[in-house]
Amino acid sequence: MAKRVSVVWLENLIGKTGHGIHSGVYLNMDLVRRSLLVLLVIEILAGPAYAQNQTDGKGLYTSYCSACHGDKGKGDGAAAKGLPAKPADHTNGAIMNQLSDKYLIDVISKGGSSVGKSVFMPAWGSAMNDKQMRDLVAYIRSLAIPANKNDPTANK
C-alpha cells in the first residue's frame with residue numbers, strides 16, 4: 001500500500017505532458033510546495049528519526065559517568081570521594097523526574113557550570129553526538145526510582 005501511495009504521489013507531483021520546446025515531464029510547483037509542507041509537518045510531529053536506546057546509553061554511562069556517579073547511578077563512584085561536591089544521584093526519582101531531557105542534555109553536553117551546578121561535572125558535548133546523548137538520557141531515566149510515569153522509556 002505504501003509503495004502505491006508513493007507512486008501515485010510521484011505521478012501527481014510530476015506531470016506527464018509538456019508544452020513548447022521542452023516536451024516531456026514538468027513539475028507541478030504548487031503540488032511540490034504543498035508536499036514539502038506536509039513532509040515538514042510530519043517530520044516535526046514525528047520527532048527525532050531515531051529511538052532512544054537504553055542499552056547503548058548504559059555503555060556510554062559506564063564509559064563517561066560511572067567513575068563519579070557510580071555503576072548504579074547513586075553518586076558514589078570511586079572518583080566521587082575526591083570531589084568537593086557529591087555527584088547527582090540518578091536513582092532519586094523525586095528529583096530526576098522533575099528534570100527535562102533538554103536540561104539533562106545541557107548538563108551532559110555543556111557541563112555542570114552551564115546550568116548552575118558543579119564545575120566538576122565535565123562537558124561531554126565534543127565527545128558525544130546528539131543520538132548518544134539522548135541514549136544516555138534514556139539510560140539515566142531508567143535508573144530513577146520511582147520511574148517517571150510520563151517517560152515512555154521507563155522500564156521499572
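Arg-141 is buried, at a relative accessible area of 9%, where buried stands for under 20% relative accessible area, exposed for over 50% and partly exposed for what lies in between (1.4 Å probe, protein chains only). Its side chain meets that of Asp-101 in a salt bridge, 2.8 Å from N to O, the term being used for a side-chain nitrogen of Lys or Arg within 4 Å of a carboxyl oxygen of Asp or Glu. This pair links distant parts of the chain, since Arg-141 belongs to helix H7 and Asp-101 to helix H6, 40 residues apart; helices here are DSSP runs (H or I) of at least four residues, numbered from the N terminus.

The model is predicted, so that local features need pLDDT of at least 70 and side-chain atom pairs count only at pLDDT 80 or more, while totals for chains, interfaces and linings use all residues. Residues are numbered from 1 along each chain as its sequence is written, and side-chain values use heavy atoms, with hydrogens and water left out.

| Salt bridge | Closest N to O | Relative accessible area |
| Lys-102 and Asp-106 | 2.8 Å | Lys-102 56%, Asp-106 16% |
| Asp-135 and Lys-131 | 2.8 Å | Asp-135 2%, Lys-131 29% |

Asp-135 and Lys-131 both lie in helix H7, four residues apart, or about one turn of the helix. Salt bridges with shared partners join Lys-102, Asp-106 and Lys-110 into one network.

The largest nonpolar core has 15 residues, and those with the most contacts inside it are Tyr-61, Ile-108, Leu-136 and Ile-140; such a core is a set of buried Ala, Val, Leu, Ile, Met, Phe, Trp, Tyr and Cys residues joined through side-chain atoms within 4.5 Å. Two or more residues come from each of helix H3 (54-64), helix H6 (101-110) and helix H7 (130-143), with H7 giving the most, six residues. Leaving aside residues up to four places away in sequence, Ile-140 touches Tyr-61, His-90, Met-96 and Ile-108, contact meaning heavy atoms within 4.5 Å.

Leu-60, in helix H3, counts as buried at 11% relative accessibility. Apart from residues up to four places away in sequence, Leu-60 touches Cys-65, Gln-132, Asp-135 and Leu-136.

In H6, the buried residues are Leu-104, Ile-105, Asp-106, Val-107, Ile-108 and Ser-109, and their cover includes helix H5 (93-96) and H7.
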